[in-house]
Amino acid sequence: MIIRSKAPLRLGLAGGGTDVSPYCDMYGGVILNVTIDMYSYCTIIPTTENKIEFISQDLKKTFSCKTTEYIEPVGDLIIHKGVFNKIKTMFCKNKNLSFRMLTYSDAPAGSGLGSSSTMVVAMLKAYMEWLNLPLGEYDMAKLAYEIERKDLLLAGGKQDQYAATFGGLNFMEFGANEQVIVNPLRIKKWIKNELENMLVLYYTGVSRESAKIIKEQITNSTKQQNINYKNSMDELKRTAYKMKKAILQGDFCEVVECLNHGWFAKKNSATSISNPHIDFLYDFIMKRGGKAAKISGAGGGGFMMILCNPEDRYNLIRDLKMTQGTVMQVSFTERGAEAWTLY
């Protein structure tokens, strides 16, 4: 028996940062995001060796131990260990689990596409398939969030787990007491096609540790005197509502304006979100046909999401290929995490 799963990565279109506590708990956050055809993958191979083995093929890291009830989440592959501990504690107490797990992602860690959280969802989905666990979409996304933010104490927001679980284009609302509402948006096919033709995804070649950037945002949010942070988050929230309306109506000029507006508001929330290299790339893109651009995720590096007129897209991609980064051409997806079994 072999169990496989995959979960889609996401692009944050608007509202990024408003899903991070304590802002979303105090004022409510909203996020507009869409999943793309880049994935995190997980394979579980049950064995009779009384052994647990984790193999991260892209990170080139491994961990193994005898079957156990708990693995200390330290050192390498802590999210693998954290997911195992949660599954064992909640669903498999005193049940012997012997298996080999292999994982990899289409995007590098620190990409800004939610790769870490998406990997947690992919692993959870594989365990669910293997152990026949009765978890709905909200249950699974919440469990993924708890593993990262509460069990492993990794700083971050809530959107990535829900995007990977549900898939598609979603407008998400985050409130007090961990309330989350995922609103799927149905857009006309021609709007989806036009947005995909406007989109260029560019990897800056610089990875970053999102937790450090998010910790700075959290610190800013707890300082009463830092009015800039709250104002920035409020503006990001307003922009998310505007972009939602613009996408539903096919108002692409407004979509472009919202993306640019959101990027400048995001930059004001923490000094580490942008840097001279990112600012240089932004100017480079704008001078070569780009209409809007923003760093995806927490900032500091990773992938840059670019919107341009479709007739300028070929030349912009050609010019970007002359730089040190990498151009990716992606499509939107409608499905969330999936798993299947081979017998």
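Ala, Val, Leu, Ile, Met, Phe, Trp, Tyr, Cys and Pro count here as nonpolar, Asp, Glu, Lys and Arg as charged, and the others, Gly among them, as polar. This is a predicted model, in which local features need pLDDT of at least 70, side-chain atom pairs count only at pLDDT 80 or more, and totals for chains, interfaces and linings use all residues. Residues are numbered from 1 along each chain as its sequence is written, and side-chain values use heavy atoms, with hydrogens and water left out.

The chain as a whole comes first. Its secondary structure comes to 11 helices and 12 strands; helices (H or I, at least four residues) and strands (E, at least two) are DSSP runs, numbered from the N terminus. The C-alpha trace spans about 60 × 45 × 35 Å along its principal axes. A compact globule of 343 residues would have a radius of gyration near 20 Å, and the chain, with 20 Å, agrees with this. That radius is taken over C-alpha atoms, and the globule rule is 2.2 Å times the number of residues to the power 0.38.

Two strands pair if DSSP finds at least two bridges between them. E9 and E10 pair in the antiparallel sense over 5 bridges, and Ala292 has Leu307 in E10 as its bridge partner.

On a 1 Å grid over the protein atoms alone, a cavity is a set of points where a 1.4 Å probe fits but cannot get out, while a pocket is an open set with protein on both sides within 12 Å along at least five of seven lines; lining residues have an atom within 4 Å of a point. Grid points are joined across faces, edges and corners, and a volume is the space filled by probe spheres set on the points.

There are 2 cavities of 30 Å³ or more. The largest holds about 110 Å³ of space, and of its 13 lining residues the closest to the centre are Leu13, Leu195, Ile247, Met305 and Phe332. Helix H8 (227-249), helix H9 (252-267) and strand E10 (303-308) each supply at least two residues of this lining. Which classes line the largest cavity? The lining has 13 nonpolar, no polar and no charged residues.

The second largest cavity, of about 30 Å³, is lined by Lys142, Tyr145, Lys158, Tyr162, Glu178 and Val180. Its lining has 3 nonpolar, no polar and 3 charged residues.

The second largest pocket has a volume of about 310 Å³. Of its 14 lining residues, Gly168, Leu169, Leu185, Arg186 and Glu334 are the closest to the centre. Strand E6 (169-174) and helix H6 (189-198) are the elements that give two or more residues to the lining, which divides into 6 nonpolar, 4 polar and 4 charged.

Two backbone details remain. Most residues other than glycine have a negative phi, and most peptide bonds are trans. The peptide bond from Ser21 to Pro22 is cis, with omega near 10°, and Pro22 lies in the loop between strand E1 (2-14) and helix H1 (23-27). Leu153 has a positive phi, near 55°, in the loop between helix H4 (137-151) and helix H5 (159-166).
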